[in-house]
Structure formats: C-alpha cells, structure tokens
Amino acid sequence: MDEARQEKAVGSLRLWEIVAALLFLAAGALVVYDSRRLGSTWGSDGPEAGYFPFYIGVIICIASVINLISALKPGAAGDKPFVTWEQLKMVLIVMVPYAVYVALIANPLYSLGIYEASVIFIAVFMRYLGKYTWLKIGAVSVGTVAAFFVMFEIWFKVPLPKGPIEALLGFQ
Amino acid sequence: MQEIQSLIGGFQVALSWFNLMLMLAGIILGVIIGVLPGLGGANGVAILLPLTFSMASQPGGTTSAIILLSCIYWGALFGGAITSILFNIPGEPWSVATTFDGYPLAQKGRPGAALTAAFTSSFVGALVAVLLITFMAPLVAKFALRFGPPEFFAVYLLTFCAFVGMSKGSPFKTIASMMLGFALAAVGTDTVTGQLRLTYGFMELLRGFDFLIAVIGLFGIGEILLTIEEGLEFKGAKAKLDMRVVLDTWKELPRYWLTSVRSSIVGCLMGIVPGGATPASFMSYGLAKKMSPDGPKFGTGMVEGVVAPETAAHAAGTSALLPMLTLGVPGSPTAAVLLGGLLIWGLQPGPLLFVEKPDFVWGLIASMYLGNIVGLIVVLTCVPLFAAILRVPFAIIAPVILVICAIGAYTVHSSMFDVWMMLVFGVMGYAFKKLDYPMAPLVLALVLGDSAENAFRQAMLGSQGDLRAFFSNALVGTITGLALLLLFWPLISKGLEIVRGRNGSNGQGA
C-alpha cells in the first residue's frame, strides 16, 4: 500500500488483533468466573453446571493469550492497515442508519413497527446513497414493504411488529 | 437392495405437485440468495426457516419443509457459480477456486461455456454425492445405533478437531472462535440442573443465544459491510446462454471425465469432514492442474479448470448432509442450519431418524435427486434473469437485504431483543472476517454445544468422571485417537516438514 493510504488507516492490523485477543480473553475470563460460581467440579450427583463451561473458558483464555503473543510479534503483516478511513466511512454510512432503524423497531418506549421503519430506512438509503427521485423511492420502498406485508401477515401468517398505520387499517 | 425400495418410497413422498412446486420455489429463491451479496446458503436458509414453522406442524409437513430448505441450499450452491464466473465475486468460500478459470473464460467471450460447464459439473458432483448418501447413509446410521454417549462425544470431538486440523489460518484463532461458540451455547438455563449460567443477571439472556440469529448477523450483516467497504459497484460480463452454446459445451465435457471422477471423489471424501467443501474445491483444482495435459494453461480460462472445483464443491456441499442425517453432526454451516431446522420441527437427527422417520429421510434423499435436476434446468434456462439481479443498483438492493435480515432475526422467536443481537453479531462478523477468525466453527459450536455437553456429561456420569471413558473400547478409542490426530495435525505436518526440509522442497504435498 502507498503511504497516502497508510496515513488514513484506522489503526494497524496489529492493534486490532491485540484488541480482539484481549476481548476474547475477557470473554474467557467471564466464562471461567461464572463457572466457578456455579461449581465446576464433581458434585454429589455428577458434574456440576459449570463443569463443561469451565474448561471451555479455560481454553478460550489459553487460545487468546497465544493469539495475543503472535499479534505482538513484530512482522510486516501486522503493519498493514486494518481499515482505511474511506472504508470505515462507507461502513458507518450503512451501520449508523441501520442501528437507528433497529432502534425504531426495538426499543422499550415506542415501537414504530417493522413495516413503517423499513419504508423510512429504504427511502433514506436510496435518497442519500443512490440520489433517486422521490417518486422512484416511494415506489420501491412502499412496494417492497407491501410485498413483505402480504407475504408475512397474510400468506405465511407470521405476525411482525406493527405500527400506527396498520392499526388504522385494522390489522392488529 | 433395501435402499432401492426405500428410495422408491421416498420418490412417492417427494413426487407430489405441492412438493415439486416447493422444489422449484426453493431452487429459484436459492439461486437469488446465492447471487445476492450478503445472502448465502447459510443465512438464506436461516432467514427462511421461521416461515416453515406452520408448514412443518401439519402432518407430513416436515418433509415438505426440508425439501423447501434443502432446495434453497442447492440453489445457493448453483448461484455461487454465477457470481464467480460473471462478476469475479465468489458467492461462497468454495466458489473462490471457480473464479480462477471461470472469470477469465467469461472475459475471453465464453461466459456461456463457463456457466454451462460449472452447472453441469455441479450437477454431476451432487449426483455422485447423493448416490453416496443413498447407499452409505443407512449403513452409517445402522452402525451408529451402537453409539453411546462416549462415542457421540468422540464424534463431536472429531468434528471440531477436524476444523482445527484443516483450517488454513491460525489454529488458535479457530479454537478461540469455536470455544466462544460453545460458551455462547452454554448461556441461559442449564438443561440438567436448571441453574442459570453466564447470564450475569440479564433477563434477556435466559433463553440463551440462538444460532439462527448468529448466522443471520455473522454471515448476512458482516458480509454486507465487507461488500460496502469495497465500494458500491459491480462490474460483470454479460450473460447469454443459448441452447447451441450449452450443447457445444456438453460435447466438450466428456473429455474431462477423469477430472470429474477425481473431483467427485475428493469432494465426497472431504465433504463428510466438516468444513471440507472449501479445501475440496482448492484441492481438486490443484490436482487437475497437476495432472491435466493442459495444466500449465490453467488460470487463463480453461473449461477443465471450472469443472474441477465446481464438481468437488457441489459433491462436498451435498455429502455434508450425510453426517448431518446419520450422526446429527453437520458438515457445513448451511447443514448446521438445516440441522437446527430439524430440531425446531421436533425431529432428532441421528441414527434413530432412519428407523423412526423413514418417510422423512427417504423423501429428503429422493428430493435431492429431483431438486438437482430441477436446479440444473432452472439455472441453464434463467441465467440472464439471475445475472440481472446483480445489476440492480446497490443503493436499492442493500437496504432491502438489511431489512430482510432484520425481519428474519425477529421472526425466529418474535423477539425484539434478537434484532439487536443480530446487529451485534453483524459487527462481530465484520471484525472476524477482517482479522481472519473463522466463523463456521463458532456457528457449529453454537448449534452442537448443548448436544456435545450432554454427551460429555452422560459419558462422565457413566465413568464417574474418568476421562479414560473416551478410550474404553476400540470404537470410541479409534474415533478419539483420530480426533486428536486431526487436532495436532498442524503441529505434526510442521514436524514432518522440518524432518523432510533438508531432503528437498517437495514438502508442500504433506
């Protein structure tokens, strides 16, 4: 990779390898800790609840320590960029609206319903990444979601979370 | 020949109009799923699985449901070849080797020949594997009836050790990812003692992690993020497939019969081992390159270079169902999702399935023959349509796929929390892919975690905590020994290389 791209990298591969190994280590530690709490030995009537997970946790810890050591080893491979700013920007452009979309459906306060949220999500995506006209956006987003509605609610009878518009139309 | 009789019975089950319609629908959906970025066999089947719940609850419905889902799988296998050849984008890991000669062939103006060769050899590979399943599966199942908990645990161990031994990347990353899968499987209520494990007080974790959510997130969302990172454009060759090209290619194909036979054998053998499809396709491509008289021209667009990996990949993808049906051990993530489906419908995969539900098993096997014939016809006739899907602008297709993933995650348990979990798994999938942590072992461990743990506990109860239970007789000892051999294979092969290192540089074949 040329230097201009290197500069814009968000952390090296090595850095993120280390982060990943540490996260694995933390997960392994959580598993070991809770297994110890439950009892990871041989009880009066056989293996206790934490017997199997305990060893799983131990293996996670061992494997992540080895991964950590091999990530720390100096070498050209570790200096490669993990992700460039350009790439990360693209990923965030998709992930942030998607997280908002999920939040619109699944939050403890008020759910907009999967159908309404999907119309908005597809529309926003098409508008900002595709620069389509509102007419096309309306046709695609409403059309797709209407097709899903027919498929799930009527054809396969799998109810999805519904919002205010379906309530107005008399679907519960 | 009791198998033939059972198979005829199976055809009687599979050959209803309703089931044939399901096959056609499944194949078409499957090819679309295989062509679309971010949707592959595993998460495609995972998303559509909840739609079969009501179908499977009717009498005889489980057979129809498995026919629909397995045909989606066949379709996705076919679809992977389309994107590899026309767009140089391998839809599935085992289609990577298909791009080596398939894409150059398409660039040279022979996309029709490449596609025909790919589809036909896929069909041949699948057919060989289905024949293998027809005659081997009953034998394996009968043999496995003798298995007790120690034997089953040894088989699970073999499955997971095979992953470590065959992984191309770091074995410790494979282990870490696999064990994380086991840990996630342990979260929730312990089935034996009823205690809460690893929930750390979060009520949402009571039910534990569902592997379907993990599959949709890891493979679906993760894959989309990777695709987006590369930019939003697809550039591809035009697909035209008229009858004349198909017939001309078919005339050419018999010349490569030796490659076909070799690749089918490689595929079937590797497919039975978990995670075998990808190495099978590479291995069979490598063998063909070494043994064919045209070997040096491989990579410039040789039909034979398409035949080899496609035959092996499809043979492996199909024979992955053999251990799934007979032992309850899936050979690939998609087979794992199908296994999950069986469990949800209330069927217990394993040797008893052949005794208790012969209609289901033989209906499924018969549908494999029919489904692949239907699939071959569908892909040969409809390639331009499927290729057109990839020309739909990304700004339209991406949000629709993301919405489908969210709906799929919700419908598994009608749970809002699952949608969030899918998002988390999606970010995880992206990071795993970037850092070279394999995802298939995690998914398989998540699916098999409870069964493996139960087998382990029962085996330990039987032996009063003595680990020697796994070597107590010849059968279990052989399986365990094989498992350990595979587990330490990376070390052993490295050792062999060092020993042979000074004698010559031919150590790569080891």
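In this predicted model, 50 residues of chain A are in contact with 48 residues of chain B. On the chain A side, the elements that give two or more residues to this contact are α2 (13–38), β2 (46–47), α3 (51–72), α4 (85–105), α5 (114–130) and α6 (134–155). Of these, α3(A) gives the most, with eleven residues. What kinds of residues make up the side of chain A that touches chain B? They divide into 38 nonpolar, nine polar and three charged.

Now to chain A as a whole. It has seven helices and two strands, and along the sequence they follow the pattern α-α-β-β-α-α-α-α-α. The radius of gyration of chain A is 24 Å, well over the 16 Å that the globule rule gives for 172 residues, so chain A is more spread out than a compact globule. Some further values for chain A are gathered here.

| Property of chain A | Value |
|---|---|
| Box filled by the C-alpha atoms, along the principal axes | roughly 60 × 60 × 30 Å |
| Buried residues, as a share of the 172 residues | 32% |
| Contacts with a separation of 6 or more that join residues 24 or more positions apart | 65% |

Over in chain B, helix α2 (residues 17–35) is worth a look. At 1.5 Å a residue, its 19 residues should span 27 Å, and its end C-alpha atoms are 27 Å apart, which agrees. The buried residues of α2(B) include N19(B), L22(B), M23(B), G26(B) and V35(B). What covers the buried residues of α2(B)? The cover includes α1 (2–14), α3 (41–48), α5 (61–87) and α18 (358–389) of chain B.

Notes
Residues are numbered from 1 along each chain as its sequence is written. Chains are lettered from A and ligands numbered from 1 in the order in which they are written. This is a predicted model: local features need pLDDT of at least 70, side-chain atom pairs count only at pLDDT 80 or more; totals for chains, interfaces and linings use all residues. Helices (H or I, at least four residues) and strands (E, at least two) are DSSP runs, numbered from the N terminus. The radius of gyration is taken over C-alpha atoms; the globule rule is 2.2 Å times the number of residues to the power 0.38. A residue is buried if 20 or more other C-beta atoms lie within 10 Å of its own, exposed if 12 or fewer, and partly exposed in between; C-beta atoms are placed from the backbone. Two residues are in contact if their C-beta atoms, placed from the backbone, lie within 7 Å. The expected span of a helix is 1.5 Å times one less than its number of residues. Ala, Val, Leu, Ile, Met, Phe, Trp, Tyr, Cys and Pro count as nonpolar, Asp, Glu, Lys and Arg as charged, and the others, Gly among them, as polar.
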